[in-house]
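Work through the exercises below with the coordinates loaded. Each task is followed by its solution.

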Amino acid sequence: MREAYSLHGRLVFSLCMAALGQRQDAEDAAQQVFTRAWRSRESYDPSRPLGGWLTGITRRVVADVFAARERQRRAVDATAGEQPREDRQLSEQVVDRVLVHEALDRLGPPQDEILRMAFVQDLPQAQIAERLGMPLGTVKSHVHRGLARLRVALEVNDG
């Protein structure tokens, strides 16, 4: 577990921080992630990426924190006579964006740059090839291989 923490602790904490927005809550959530990982270690399939498994646990921990916050908010709203506010979906989108950007960073050049140009800047592949001085076929190959690597990196295991 120590090795898992040293390899993925920063990612787990950054996901919790991005979703929860408060350092203390993020630290508590990150601790819960590794505690749950330890308790459910028999369900981990070593042939699958450890980061994906921990990301799945992180999502569930963050969802549990939001559910607890929502319950608390409803209780407060019920006493104040107001309608509860829904921000859970927005936080899940933040977690997804952080995950994608971290996965892109791990791809390395030139695939990270090409995928950002294609899917963040929405540039056509011919324009990417022109900007980078690469043949169009090379750009297409990098997009294909980069998307395949992203699919593996972002795969979430339920465990």
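The model is predicted, so local features need pLDDT of at least 70 and side-chain atom pairs pLDDT 80 or more, while totals for chains, interfaces and linings use all residues. Residues are numbered from 1 along each chain as its sequence is written, and side-chain values use heavy atoms, without hydrogens and water.

**Exercise 1.** Check the length of helix 2 (residues 23-39) against its end C-alpha atoms.

Step 1. Helices are DSSP runs of H or I with at least four residues, numbered from the N terminus.
Step 2. The expected span is 1.5 Å times one less than the number of residues.
Step 3. For the 17 residues of helix 2 this gives 24 Å, and the end C-alpha atoms are 24 Å apart, which agrees.

**Exercise 2.** Which residues of helix 2 are buried?

Step 1. Buried means under 20% relative accessible area, exposed over 50%, and partly exposed in between (1.4 Å probe, protein chains only).
Step 2. Ala26, Ala29, Ala30, Val33, Phe34 and Ala37 are the buried residues of helix 2.
Step 3. They cover an arc of only 135 degrees around the axis (from directions to the C-beta atoms), which puts them on the same side of helix 2.
Step 4. Exposed Gln31 and Arg39 are on the face turned away from that buried side.

**Exercise 3.** How many aromatic pairs does a search of the whole structure find?

Step 1. Rings of Phe, Tyr and Trp (its six-membered ring) pair if their centres lie within 6.5 Å; planes under 30 degrees apart are stacked, over 60 edge-to-face, the rest tilted.
Step 2. The search finds two pairs.
Step 3. Tyrosine 5 and phenylalanine 34 have ring centres 5.0 Å apart and planes at 70 degrees, so this pair is edge-to-face.
Step 4. Tyrosine 44 and tryptophan 53 form a tilted pair, at 4.9 Å and 45 degrees.

Note on methods. Helix = DSSP H or I, 4+ residues; strand = E, 2+ residues; numbered from the N terminus.
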